[in-house]
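Have a look at the model first, then read on.

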Amino acid sequence: MLIRRPPSYALKENEVTSPSAYLHRREVLAAFIAAGGILALPNVAQARRAAQHDYAPLTAAKTGYTVKDPLTPWDALTSYNNFYEFGTGKDDPAKKAHKLITKPWTVTVEGEAEKTGTYALEDLIDYNALEERIYRHRCVEAWSMVIPWIGVPLAGVLKKFEPNSRAKYVQFFTKYSRKEMPGTFWPVLKWPYREGLRMDEALNPLAFLVVGVYGRVLPNQNGAPLRLVVPWKYGYKSIKSIERIRFTQTMPETSWNQSNAREYGFYSNVNPLVEHPRWSQASERVIGPQTGFAGALARRDTEMFNGYGDAVASLYAGMDLRKNH
Ligand SMILES: Nc1nc2c(c(=O)[nH]1)N[C@H]1C(S)=C(S)[C@@H](COP(=O)(O)O)O[C@H]1N2
Ligand SMILES: [Mo]
């Protein structure tokens with residue numbers, strides 16, 4: 001059985017050292033607005049939301065996982081999102097994801113494993129062993145961010161369920177609630193949103209199960225209370241608000257692949273040489289901080305495996321990455 005521990009987010013704010021560095025931005029922003037700053041109206045709303053910071057603090061150990069470029073500011077990270085369950089607009093998740101009920105939260109584990117069943121989030125994640133990892137995030141739409149995630153390695157969690165020898169893949173499902181998720185009224189994707197990894201990909205030390213960001217519990221628009229982050233793959237593999245995990249023998253269905261298999265392959269490794277049929281993958285638009293919010297102008301060249309080739313290229317030895325895109 002999994003051992004229950006008190007989650008550190010249950011600590012009171014004054015019991016935890018605050019992640020102050022990031023939060024200075026809010027004072028800067030507030031001062032700017034107070035000084036009659038010329039922010040456009042929608043940005044004032046964003047700034048106000050960013051200043052709220054009513055997300056419980058988390059304590060996490062710093063790690064060597066980092067990226068040279070500056071972090072994407074909190075306000076861009078929390079207001080420029082893809083989370084189609086709340087609409088297809090980049091600002092829909094920030095406006096609507098508060099409707100998602102994230103407490104209590106359970107995850108159901110099924111398929112090719114010894115220990116299946118339904119677990120409370122606090123039984124799955126060891127909140128005393130959280131790590132902070134700064135990863136580059138690359139969306140298939142050719143924009144990127146640099147994000148200080150907080151979580152635990154996916155491998156450690158999956159191993160607790162003792163997947164059996166038939167478990168060749170693992171599939172993840174997002175919560176599906178028509179009432180809480182207005183975007184699911186439209187069949188833009190197959191609901192519940194689903195994603196999958198080959199087992200060796202899932203066990204790679206880079207694959208990260210995330211419960212927080214910027215020293216705080218995840219905002220709903222970023223996938224609260226539990227999301228995956230797979231930094232060498234396009235963003236859509238990093239499924240949000242996970243409620244079900246299934247070990248499978250055969251390659252599982254994934255929502256984007258089902259919607260358009262030609263444009264979205266199962267592997268979806270970041271690869272500047274494999275063009276999306278409708279646009280180039282050779283470079284990417286860096287979101288913030290140069291211009292603050294969505295309208296960033298800076299570009300950078302996209303790296304093979306998003307820069308994580310040393311850690312993951314061997315997973316694909318001998319594979320034709322054009323065919324298996
Ligand atoms: N359930 C669910 N997960 C999802 C998505 C989604 O629409 N639904 N969008 C994906 C895409 S395309 C990207 S780029 C990332 C965006 O994560 P972020 O907004 O937290 O940066 O989430 C991914 N996870
Ligand atoms: Mo994406």
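Five strands make up an open sheet with mixed pairing, in the order 3-2-11-6-7. Strand 3 (117-120) and strand 7 (194-198) sit at the edges with a single partner strand each, so one side of each has no neighbour in the sheet. From one strand to the next, the twist averages 20°.

**Ground rules**
- This is a predicted model, where local features need pLDDT of at least 70, side-chain atom pairs count only at pLDDT 80 or more, and totals for chains, interfaces and linings use all residues.
- Residues are numbered from 1 along each chain as its sequence is written, chains are lettered from A and ligands numbered from 1 in the order in which they are written, and side-chain values use heavy atoms, leaving out hydrogens and water.
- Strands are DSSP runs (E, at least two residues), numbered from the N terminus, and two of them pair if DSSP finds at least two bridges between them.

**Inside the open sheet**
- Strand 6 (residues 169-174) and strand 11 (residues 242-248) pair antiparallel over six bridges.
- Thr 174 faces Ile 242 of strand 11.

**Around strand 8**
- Strand 8 (residues 208-213) is mostly covered, with six of its six residues buried (under 20% relative accessible area, 1.4 Å probe, protein chains only).
- Strand 5 (residues 143-153) runs antiparallel to strand 8, joined by five bridges, and Trp 149 has Val 213 in strand 8 as its bridge partner.
- Strand 10 (residues 227-229) is also antiparallel to strand 8, through three bridges, with Leu 209 opposite Leu 228.
- Two bridges join strand 8 to the antiparallel strand 9 (residues 216-217), where Val 217 partners Gly 212.
- The hairpin of strands 8 and 9 has two residues between the strands, and Tyr 214 there takes a positive phi near 50°.

Terms used: Helix = DSSP H or I, 4+ residues; strand = E, 2+ residues; numbered from the N terminus. Axes fitted to C-alpha atoms, helices over the stretch in contact; angles between N-to-C directions. Buried < 20%, exposed > 50% of the residue type's maximum accessible area, 1.4 Å probe, protein only.
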